[in-house]
Amino acid sequence: MPNQLNNALTLFFSLLVEAIPFLLLGVTFSSILLLFVNEQRLVAAMPRNPLLGALAGSLVGFLFPVCECGNVPVARRLLMQQAPASVAVGFLLAAPTINPIVIWATWTAFRDQPEIVVLRVLFSLIIATLIGWVFSVQKDLRPLLQPSLTRLMPEPQPQLAMAGGVSSPLLRSGTYLMQGSGQIVSLEATATYGLPLPNPVKKPWSAKLRLLLENIIQEFRELGAILVLGSAIAAFVQVAIPREVVLSLGQGPVTSIVAMMVLAWVVSICSTVDSFFALSFASTFTSGSLLAFLVFGPMIDLKNISLLLTVFKPRAILYLFGLAAQLTFVLTLLINLYLG
Amino acid sequence: MANRRRSRYVPWADILDLLALLAWALVLLKYWLTGQLNILLHPDYMWLSNAASLFLLLVVFLRSFRLVQSTRAIPAAIANPRHFTLLPPSFSSLILLAVAVFGLTYTPRPFASDTALQRGITDTLTMTRSQPRQFRLDNQPEDRSVVDWVRTINVYPEPDAYTDQAVDVSGFVIYPPDWPDNYLMVSRFVLTCCAADAYPVGLPVKLSGDRAAYAPDSWIDVNGKMITETLADRRQVVIESTSLTEIPEPENPYEY
């Protein structure tokens with residue numbers, strides 16, 4: 001029993017020591033993004049077409065090399081910046097995988113199986129784009145988001161709120177501002193629009209640095225505490241469930257995928273290093289199941305469910321989880337049956 | 001009014017934050033300087049943890065500098081409008097601080113034989129795969145480590161191919177169930193990234209006498225030669241030991 005406790009603690013600290021540098025990298029990138037990148041412009045540049053928006057959101061990860069510990073705060077801020085649901089959800093699901101550091105790490109691990117690298121990127125893109133597309137049907141995401149976040153979000157733009165209703169926003173009651181480009185913005189919307197982030201570009205450097213520091217500490221505190229709780233749960237489950245039980249499921253084309261998805265969910269390993277973890281199963285598990293691990297793990301696992309709860313209500317996480325799990329399962333099963 | 005509230009409330013929260021960050025910087029620094037990081041991480045990733053400790057120290061330094069200096073009010077209204085916390089902030093700081101303080105006092109222990117058995121040491125020969133980066137064909141048999149042997153055998157599994165080759169390996173002792181009393185397994189955990197993915201590999205050792213002298217989890221250095229035997233219904237390579245010495249647990253117990 002002392003041994004079990006010891007193992008759990010070693011696992012716990014090993015997960016933390018491994019994840020904290022990436023978390024720091026994540027919150028630092030996210031804070032730099034907050035202060036030095038004009039998110040409004042980035043969000044404005046995103047295509048409004050739901051499918052293209054989801055694809056673009058999925059690819060934005062390339063600009064922000066953060067793993068799943070770091071992408072949640074970025075996605076949260078994209079939502080606050082009124083990014084369309086398709087963009088934010090696409091980013092949330094794909095960013096941990098579709099970024100240069102992760103692709104490079106996967107390539108290092110699977111040099112002799114380049115198809116794993118290519119398919120990991122491809123499947124993550126397909127799944128994130130599809131789910132982003134699905135979420136775009138919900139024009140106003142706020143019922144799915146945590147109240148603490150929606151309080152900081154501006155009212156939905158009139159034209160979004162009026163889906164199926166009157167075509168011109170000017171026909172609604174209220175006060176409107178005519179912008180230079182001919183855009184019409186509700187005065188209620190401007191009252192809050194962008195308020196969380198007054199245009200950062202105009203601040204002096206010292207103020208920027210101060211805010212950067214504040215933000216790093218604030219996000220590290222919040223996400224770090226949640227990471228601690230998640231790692232504690234992950235360590236406990238890993239010690240409590242004999243890995244043999246998990247592994248014994250891993251031979252057939254279907255059971256191996258299910259086993260690896262469960263393992264991905266339980267182990268909660270950071271996407272930047274999960275390909276090395278998967279590598280140690282490469283000879284006993286089907287290629288499809290390894291892919292399932294690499295595609296599904298970064299999207300949703302035990303650790304980042306607690307992070308996701310800072311953005312979404314449980315119901316929305318259940319949708320994300322269900323869709324991601326099913327799509328991963330179907331795509332990787334195709335690999336097992338037709339390419340394996 | 002605002003100033004009065006600030007002087008009552010803000011410093012405590014800030015100090016707690018700084019203490020939590022400082023404690024984590026010290027934890028990472030401690031694991032780095034004492035070499036205990038070896039137990040937790042693959043060497044390839046240690047620089048990340050080390051850099052993180054320095055980065056945290058820098059943040060703490062800059063922030064405390066500000067705190068001491070800031071008689072002028074920090075525009076908290078700008079820094080904190082997005083207060084989207086799942087947990088109360090001071091609770092988060094306390095969790096971080098408490099775990100870090102525990103981390104400062106806790107010495108991580110490498111995994112032992114029970115974990116190896118639980119993680120399926122019997123499957124090890126099929127569980128590993130060759131990693132070209134570390135796989136050398138031209139090495140002398142006696143230079144191979146446990147994991148080198150396992151990888152070599154994995155590539156070419158016929159036991160007779162290794163008969164009479166010299167063996168000199170070290171690792172910890174496991175008593176696999178169902179093995180006779182004069183056999184034990186010399187094993188190592190292999191790390192690909194961190195302790196969370198450590199998996200065991202091992203080689204069977206045939207002793208001239210009873211294995212009781214070598215307790216499970218003790219560290220041994222085995223000299224001998226390879227033979228082929230059928231053990232637990234499987235035909236496999238076995239080290240026939242000529243000398244077996246107990247050694248202290250190495251500072252870095254893993255192989256990569």
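Predicted model: local features only at pLDDT ≥ 70, side-chain atom pairs only at ≥ 80, totals over all residues.
Local features need pLDDT of at least 70 and side-chain atom pairs pLDDT 80 or more, while totals for chains, interfaces and linings use all residues; side-chain values use heavy atoms, without hydrogens and water. Residues count from 1 along each chain as its sequence is written, with chains lettered from A and ligands numbered from 1 in the order written.

**Chain B strands.** I took helices (H or I, at least four residues) and strands (E, at least two) as DSSP runs, numbered from the N terminus. Two strands pair if DSSP finds at least two bridges between them. I looked up β5(B), residues 234–247, and found β3(B), residues 199–206, pairing with it in the parallel sense over 2 bridges. There K206(B) sits opposite E240(B). On β4(B), residues 219–231, I got an antiparallel pairing with β5(B) over 13 bridges, and T230(B) faces R235(B) across it. The two make a hairpin with 2 residues between them, and A232(B) in that turn has a positive phi of about 50 degrees.

**Chain A helices.** Next I checked α15(A), residues 287–299: its 13 residues reach 19 Å from first to last C-alpha, close to the 18 Å expected (1.5 Å times one less than the number of residues). I see 12 of the 13 buried (under 20% relative accessible area, 1.4 Å probe, protein chains only), including F296(A) and M299(A).

**A324(A).** This one is in α17(A), residues 314–339. I call A324(A) buried because its relative accessible area is 0%. Beyond neighbours within four places in sequence, A324(A) contacts (heavy atoms within 4.5 Å) I127(A), I131(A), F296(A) and M299(A). I get 6.9 Å C-alpha to C-alpha for A324(A) and F296(A), 28 residues apart in sequence.

Notes: Buried < 20%, exposed > 50% of the residue type's maximum accessible area, 1.4 Å probe, protein only.
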